[in-house]
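Please view the sequence and the model alongside the text.

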Amino acid sequence: NLNNSEVIEVSAQYTSQRCPKCGTTKKSNRNHDLHEYHCSNCGYRSNDDRLGAMNIQLLGTQYISGQEQPKLELTTNA
Ligand SMILES: [Zn+2]
């Protein structure tokens with residue numbers, strides 16, 4: 001389905017800014033120079049590329065489990 005893949009694409013810009021633990025999405029949580037993500041809310045820390053992969057996997061899981069519009073929940077202002 002074309003619509004579903006479009007939704008995933010749009011959300012992908014946030015995948016490196018979202019904490020997989022608490023869902024906080026904050027641009028400043030990502031340190032581009034160190035390639036590190038550090039959540040200011042729960043303290044979760046990870047490589048930013050790995051973090052993006054985790055969030056993309058989450059979207060894929062939602063899609064497989066039947067959600068018509070898989071998307072990342074943005075719990076704070078980006
Ligand atoms: Zn967090």
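## Strand pairing

Strand β2 (residues 36–38) pairs with β3 in the antiparallel sense over 3 bridges; two strands pair if DSSP finds at least two bridges between them. Helices (H or I, at least four residues) and strands (E, at least two) are DSSP runs, numbered from the N terminus. Within this pairing, H38 stands opposite R45 in β3. The open sheet has 3 strands in the order β1-β2-β3, with antiparallel pairing. Its edge strands are β1 and β3 (45–47), each of which pairs on one side only.

## Basis of the model

The model is predicted: local features need pLDDT of at least 70, and side-chain atom pairs count only at pLDDT 80 or more, whereas totals for chains, interfaces and linings use all residues. Residues are numbered from 1 along each chain as its sequence is written, and side-chain values use heavy atoms, with hydrogens and water left out.

## Overall architecture

The secondary structure of the chain comes to 2 helices and 3 strands. From the N terminus on, the elements run α-β-β-β-α. Of the 78 residues of the chain, 29% count as buried. Here buried means under 20% relative accessible area, exposed over 50%, and partly exposed in between (1.4 Å probe, protein chains only).

## The zinc site

Four cysteines coordinate the zinc ion through their SG atoms: C19, C22, C39 and C42, at 2.3 Å. Donors are N, O and S atoms within 2.8 Å of the metal (3.2 Å for Na, K and Ca); water is not among the atoms, so sites may look incomplete. Along the chain, the donors of the zinc ion follow the spacing C-x2-C-x16-C-x2-C.

The angles among the 4 donor atoms are 104 to 116 degrees, and the site is tetrahedral; four donors count as tetrahedral if all angles lie between 85 and 135 degrees. C19 has 0% relative accessibility and counts as buried, whereas C22 is partly exposed, with a relative accessible area of 29%. The count of disulfides comes to 0, a disulfide being a pair of cysteine sulfur atoms within 2.5 Å.

## Salt bridges

The structure holds 2 salt bridges, each defined as a side-chain nitrogen of Lys or Arg within 4 Å of a carboxyl oxygen of Asp or Glu. One of them joins R30 to D48, with the closest N and O atoms 2.9 Å apart. Because R30 lies in strand β1 and D48 in helix α2 (residues 48–64), the pair ties together parts that are 18 residues apart in sequence. R30 is partly exposed, with a relative accessible area of 22%, whereas D48 is buried at 0% relative accessibility.

In the other salt bridge, R45 is joined to E36, the closest N and O atoms being 3.0 Å apart. Both partners are classed by their accessibility: R45 is partly exposed at 48%, and E36 is partly exposed at 24%.

## A polar contact in the loop

T24 is found in the loop between α1 (2–11) and β1 (30–31). T24 is buried, with a relative accessible area of 5%. The side chains of T24 and N41 are joined by a polar contact of 3.5 Å. A polar contact is a pair of N or O atoms within 3.5 Å; within protein, one must be able to donate a hydrogen and the other to accept it, and residues adjacent in sequence count only if both atoms are side-chain atoms.

Methods. Tetrahedral: all angles 85-135°; square planar, octahedral: opposite > 155°, others 65-115°.
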